[in-house]
Protein chains: 2
Amino acid sequence: MEQTEEQRESTNNVQGKTPAVAEAKAHSYDASKYERPSVTVDVVMMSLRHRDLQVLLIKRRAWPYEGMWAIPGGFVNIDESLETAAKRELQEETGVQDVYLEQLYTFGDPGRDPRTRVITVVYFALLDSERLQVRAADDATDVGWFSVYGLPPLAFDHEKILQYSLERLRGKLDYTTIAFSLLPEQFTLRELQRVYEIILHKRLDKRNFRKKILSTGILEDTGAKKMEGTHRPARLYRFNPAAEAKL
Amino acid sequence: MEQTEEQRESTNNVQGKTPAVAEAKAHSYDASKYERPSVTVDVVMMSLRHRDLQVLLIKRRAWPYEGMWAIPGGFVNIDESLETAAKRELQEETGVQDVYLEQLYTFGDPGRDPRTRVITVVYFALLDSERLQVRAADDATDVGWFSVYGLPPLAFDHEKILQYSLERLRGKLDYTTIAFSLLPEQFTLRELQRVYEIILHKRLDKRNFRKKILSTGILEDTGAKKMEGTHRPARLYRFNPAAEAKL
DNA sequence: GTATATTAGTGTGTAAAATACACTAAGTCG
DNA sequence: CGACTTAGTGTATTTTACACACTAATATAC
């Protein structure tokens, strides 16, 4: 579970790559032309933790980039879809299922992994902060959550990938319902606003925010209230998928 | 040049796949786990022809989907980047270079090709209509341009891919300068408006359109005029990349 | 039980952007 | 020089975005 995509890869190379090359050469073809790249799936998993947008990273224990942090990933099995592979990664790393998951981009520059040609299809997942707390104690030796606003040095081209993830997330915020996937089923308007503020990394006006969200009809008042702390309790809302189109 | 991605694939399989499987089996591993998928790049090439948004397709000459039309594509060489592979495809099919090119999406469902596992990274290209006319006579036997609004039956999941291409194109129209890549260096405002109208598939108000485009400062008056037909000549503009940010 | 602290919740006026809409200008051709 | 055709222009209206400050409801300390 703490292995990164690239660690597993090297295991694979020993078995998969060499015979193909040998066969190609035996037929006097250009070996490089018929050699197949490895295909992996990396999953950028983001969640809100401690009022911060954080990403799950894994510490590498072998060359290259030994000791650096990396986005978790693994091989795509020959008979599973890319999305299934991504869900499997997600399950292995966080134990969570049924989260928001979308394909982000495919990175495949020949030089990105010094060992062999690796094409990696990157997925992007958003995890409900509440369900995640359960596994917080699991943050043991070499798996960790990091603020996207203060990342450690990253292996491979993973910094670029996280940069791109953040851009995509921001871009989709106001014409999709992506923000809801970071919250539990019921939430207050202030909590929703905080999601937007953390992702956009700027303050929003409370009245305008509420006006805009409520006018779409995408929220449903549960009738319940959330009491925490020594102040007025807040209404709890629920996302109404029926009104999805309105955003 | 008239081969599709999948035709080439079958040639490749004979050489690449078998040895890897044999090796895996010899070690008593699950063969499917270490078998590598093929990776191809498909390129959706769109252009404006005869006041219509058209896409370049290739007719398949072999099983599966024999006789059906498909998006052109080919293998990614082991030492070339995905984008380089896409440019190579583009060059092979149209002879055109320096066009707008972006990565669209990666499709990799195990069942999408009945012969073997193929993961295809799809790129999306927009070609300047003018430069293309030169090669119009080239539309020989099994390469053809088709209106995106009246597609023939397509092989594989290619209809879905074209659908997605069109969505992406529309989505990017008004916050990028993507439309300019469908026009020659100099063009009239009416021609630009026509690009928007054809892509969005609806009429736009002439005055509002001009107001909006000109207010961004993204166009530069060349001073020249375009005279064609028996009516008032139109100003010729040029895209000003310096003002790109303003859209 | 009342004062204090803390967050929830609400409305209005102003500026900017999007939309609807019709006539004059500059060419060609007969 | 009249008829035809496309280029080019402005204004009023509606909609949307933005700026901005007070009251409401709870818990706690005294």
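**Close-up views of a predicted model**

**View 1. Contacts of B:Leu192.** Leaving aside residues up to four places away in sequence, B:Leu192 touches B:Ala179, B:Leu183, B:Phe187 and B:Ile213. The model shown here and in the other views is predicted. B:Leu192 sits in helix α6 of chain B. Buried or exposed: how does B:Leu192 count? B:Leu192 counts as buried, because 20 C-beta neighbours lie inside 10 Å, and 20 or more is the cut-off for a buried residue. B:Asn77 lies elsewhere: its C-alpha is 38 Å from that of B:Leu192. In sequence, B:Leu192 and B:Asn77 are 115 residues apart.

**View 2. Helix α6 against helix α7 in chain B.** α7(B) covers residues 206–216. The axes of α6(B) and α7(B) are 11 Å apart. Their packing angle is about 100°, so the two helices are roughly perpendicular to each other. Which residues meet here? From α6(B) come B:Leu189, B:Leu192 and B:Gln193. From α7(B) come B:Lys206, B:Phe209, B:Arg210 and B:Ile213. By class, this contact has four nonpolar, one polar and two charged residues. B:Ile213 is also listed among the residues that B:Leu192 touches.

**View 3. Helix α5 against helix α6 in chain B.** α5(B) runs over residues 158–173 and α6(B) over residues 189–200. Their axes are 10 Å apart and pack at an angle of about 140°. The pair is therefore oblique. The crossing is left-handed. On the α5(B) side, the contact is made by B:Leu169, B:Arg170 and B:Leu173. On the α6(B) side, B:Tyr196, B:Ile199 and B:Leu200 take part. Five residues of this contact are nonpolar, none is polar and one is charged.

**View 4. B:Val44 in the nonpolar core.** The largest nonpolar core has 96 residues. Which residues have the most contacts inside it? They are A:Val44 and B:Val44.

**View 5. Chain A.** Chain A has 247 residues, and 33% of them count as buried. How many helices and strands does the chain have? The secondary structure comes to seven helices and ten strands. Among contacts in chain A with a separation of 6 or more, 66% join residues 24 or more positions apart.

Conventions:
Residues are numbered from 1 along each chain as its sequence is written. Chains are lettered from A and ligands numbered from 1 in the order in which they are written. This is a predicted model: local features need pLDDT of at least 70, side-chain atom pairs count only at pLDDT 80 or more; totals for chains, interfaces and linings use all residues. A nonpolar core is a set of buried Ala, Val, Leu, Ile, Met, Phe, Trp, Tyr and Cys residues joined through C-beta atoms within 7 Å. A residue is buried if 20 or more other C-beta atoms lie within 10 Å of its own, exposed if 12 or fewer, and partly exposed in between; C-beta atoms are placed from the backbone. Axes are lines fitted to C-alpha atoms, for helices over the stretch in contact, and angles run from 0 to 180 degrees between N-to-C directions. Helices (H or I, at least four residues) and strands (E, at least two) are DSSP runs, numbered from the N terminus. Angles under 35 degrees count as roughly parallel, over 145 as roughly antiparallel, 65 to 115 as roughly perpendicular and the rest as oblique. A crossing is left-handed if the near helix is turned anticlockwise from the far one by less than a right angle, and right-handed if clockwise. Two residues are in contact if their C-beta atoms, placed from the backbone, lie within 7 Å. Ala, Val, Leu, Ile, Met, Phe, Trp, Tyr, Cys and Pro count as nonpolar, Asp, Glu, Lys and Arg as charged, and the others, Gly among them, as polar.
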